[in-house]
Structures are given as C-alpha cells and as structure tokens.
Amino acid sequence: MITDIQVKNVVEKLNNRPRKRHQFDSLNEVYLQLLNNNQEFAFIN
C-alpha cells in the first residue's frame, strides 16, 4: 500500500524537477512566476 507521505514525496519531486519546456524552470517556479506577474488579478473575487 502507498502512504500519503510517499505520494507527497513523489508530487514534490515532480513539481520541483526542471523542465526543458519551461526553460529548465520547475513547475513550482513557473507557477510562482505566473502568480507574481498577475498578482493584481490573483485575489479579485
């Protein structure tokens, strides 16, 4: 059986892996860049 901790570890590894498609930034870095570039729109209701 796979535990929640094991799943979280794999998710973290995948999201922090550099991607050629994103100029070798990780998915987390790309996500943070998108948030920072659109911060005026991020919290509009």
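**Figure 1. Overall fold of the predicted model.** Helices and strands are runs assigned by DSSP, a helix having at least four residues and a strand at least two. By this rule the protein has three helices and zero strands. The model shown is predicted. Along the sequence, the elements follow the pattern α-α-α. The protein has 45 residues, of which 4% count as buried.

**Figure 2. Confidence along the chain.** The mean pLDDT of the protein is 86, and 84% of the residues score at least 70. Confidence is highest in helix α1, at a mean of 96. Confidence is lowest in helix α3, residues 39–42, where the mean is 56. Where pLDDT is low, predicted coordinates should not be read in detail.

**Figure 3. A nonpolar patch on the surface, with I2 as one of its members.** The patch is formed by I2, V7 and V11. Together these residues have about 270 Å² of accessible area. I2 sits in the segment before helix α1, which spans residues 4–15. Is I2 buried or exposed? I2 is exposed, because its relative accessible area is 65% and the cut-off for exposed is over 50%.

Figure 4. Most residues other than glycine have a negative phi. Q23 is not a glycine, yet its phi is positive, about 55°. F24 also has a positive phi, near 65°, and is likewise a residue other than glycine. The loop between α1 and α2 holds Q23, and F24 lies in that loop too. With a relative accessibility of 64%, Q23 counts as exposed. F24 counts as exposed as well, at 56% relative accessibility.

Figure 5. S26 is found in the loop between α1 and α2, the latter helix covering residues 27–37. Why does S26 count as buried? The relative accessibility of S26 is 5%, and S26 is therefore buried by the cut-off of under 20%. Which residues does S26 touch, leaving aside those up to four places away in sequence? The contacts of S26 are N15, N16, R17 and P18.

**Figure 6. E29 and N16, two residues apart in sequence.** E29 is placed in helix α2. The relative accessibility of E29 is 39%, so E29 counts as partly exposed. How far apart are E29 and N16 in sequence and in space? In sequence, E29 and N16 are 13 residues apart. In space, the distance from the C-alpha of E29 to the C-alpha of N16 is 7.9 Å. N16 is also one of the residues that S26 touches.

Definitions and conventions:
Residues are numbered from 1 along each chain as its sequence is written. This is a predicted model: local features need pLDDT of at least 70, side-chain atom pairs count only at pLDDT 80 or more; totals for chains, interfaces and linings use all residues. Side-chain values use heavy atoms; hydrogens and water are left out. Patches are made of residues with over 30% relative accessible area and no salt bridge: like charges are joined within 9 Å, nonpolar side chains (Val, Leu, Ile, Met, Phe, Trp, Tyr) within 5 Å. Accessible areas come from the Shrake-Rupley method with a 1.4 Å probe; for residues, only the protein chains shown count as cover. A salt bridge is a side-chain nitrogen of Lys or Arg within 4 Å of a carboxyl oxygen of Asp or Glu. Buried means under 20% relative accessible area, exposed over 50%, partly exposed in between (1.4 Å probe, protein chains only). Contact means heavy atoms within 4.5 Å. pLDDT is the predictor's confidence in each residue, from 0 to 100.
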